[in-house]
Amino acid sequence: MRPAPLPTDLIGLIGNTPMVKVTQLDTGPCELFLKLESHNPGGSIKDRIGLSMISAAEQSGQLGPHQKHLVEATAGNTGLGLALVASQKGYRLTLVIPDKMSQEKVLHLKALGAEVVMTRSDVEKGHPDYYQDMAERIARELGGFYVNQFANPANPLAHETTTGPEIAAQLGNRVDAMVCGVGSGGTIAGLSRYFAKALPECEMVLADPEGSVLTEYVQTGKMGKAGSWVVEGIGEDFLPPNADLSRVKKAYTISDKESLETARLLLRKAGILAGSSSGTLIAAALRYCREQTTPKRVCTLVCDSGNKYLSKMFNDFWMADQGFLPRQAHGDLRDVITRRYAERAVVTLSPNDTLLVAYGRMKLYEVSQLPVLEGNKIVGMIDESDLLLAAIDDETRLRLPVRDIMTTRLQTVDVRTPVRELLPLLDKGFVPIVVDGEEFIGLITRIDLLNHLRRKLR
């Protein structure tokens, strides 16, 4: 038999993503299936709508030889889907992105050739810096085609004609509940329309971040006031035109903490590296499953890969800074220190290391100063200025040992020192070095102290 022709570009690999049954988590009496949209070539479910919306614009004449500039507002993944397709088709793409998005997403977009405009994530629709309003204005000013995923009918159409049929086929047309979130509204609308025709008994379930207005809307028909949330890509402060929630009868509000913990648990237990919005969906699906009294077949989505969030939700220090990762409380300055030496979390040097080693570690870990230790005792500090002054007239001095250059006049504070007494040291530009007797405990930076104060708000 002659093999099928291979795709000539990545666009041909969009869709037909795998399905997996979760057996490592408590699903009550139910079976839980995950459709791995993270296996799309751009790494997310949004590849589908990127292709669909660009193809529809080409067919309608809105894109083509006369118009090769697209503009869109995105939380990241729609931008990646558009960037993937646009790069293959030779289009220019400008994306407006809220500033809470992960750095991995932003770097990925730029590497694909997209022009990225960052804007505020703390303003609501109607504000000139709100990402959708800004994108629409840029498109108007530059004469670009505004994609507008939130109202573009090609968005839900992609899921009605591809995602839905794939799920039904993979699960043998036996799906009792489908759990979705709402970002632009296309996924839940498209799947609702497909299942209404193909599997009308399938219940549509909404997973919504705490702070979003959509759970309240499903439950009461009223729009409340939006809060803020960390999870990226889902949850809204308005009802997108594409978001058809008419068949949604059950909705779950999921906190950031539960979302992120669920995604981390999924990786540890099932080996699936899922993004933050996937954590919200899976947390809601698990709640739904555990509430049932009879067996049901439940499906939800791994919307994107967790590799876009390695510096955030899969970084223990970030999780601790945000207050999502519990840490043992001591009632002293150890509670302020983000990176404790006893937990092997401090990057250090020995006196015999060279200045080149110090430089390399500063670059690798993005720090400007490093403690120098002998055993558990701090004997010096070295910072970027020390390296610069040592090498400015003779770069070969970078081969000198740290002991020749390090500062030995140290500003140490006892671990039981009140937090307020750190302020004079910080005001003078010093980094307080926390010790317990002669034992080094860690360093406290201004951002450590701010993180400590912010955590107390929770």
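This note reviews the sheet, the helices lying across it and the nonpolar cores of a predicted model.

1. Basis. In this predicted model, local features need pLDDT of at least 70 and side-chain atom pairs count only at pLDDT 80 or more, whereas totals for chains, interfaces and linings use all residues. Residues are numbered from 1 along each chain as its sequence is written, and side-chain values use heavy atoms, with hydrogens and water left out.

2. Sheet. Four strands form an open sheet in the order β5-β4-β3-β6, with parallel pairing. Strands are DSSP runs of E of at least two residues, helices runs of H or I of at least four, both numbered from the N terminus; pairing requires at least two DSSP bridges. β5 (115-119) and β6 (145-146) are the edge strands, each with a single partner, so one side of each has no neighbour in the sheet.

3. Strands β4 and β5. β4 (residues 92-98) runs parallel to β5 and is joined to it by five bridges. Ile97 stands opposite Met118 in β5.

4. Helices across the sheet. Helix α3 (residues 103-111) lies across β4 and β5, at about 150° to β5. Helix α4 (residues 131-142) lies across β3 (69-73), β4, β5 and β6, at about 165° to β3. Axes are lines fitted to C-alpha atoms, for helices over the stretch in contact (heavy atoms within 4.5 Å), and angles run from 0 to 180 degrees between N-to-C directions.

5. Cores. A nonpolar core is a set of buried (under 20% relative accessible area, 1.4 Å probe, protein chains only) Ala, Val, Leu, Ile, Met, Phe, Trp, Tyr and Cys residues joined through side-chain atoms within 4.5 Å. The largest has 57 residues, of which Leu34, Ile167, Met178 and Phe195 touch the most other members. Helix α9 (residues 276-291) supplies its largest share, eight residues. Apart from this core lies another of 26 residues, including Ile49 and Leu82.

Key:
Buried < 20%, exposed > 50% of the residue type's maximum accessible area, 1.4 Å probe, protein only.
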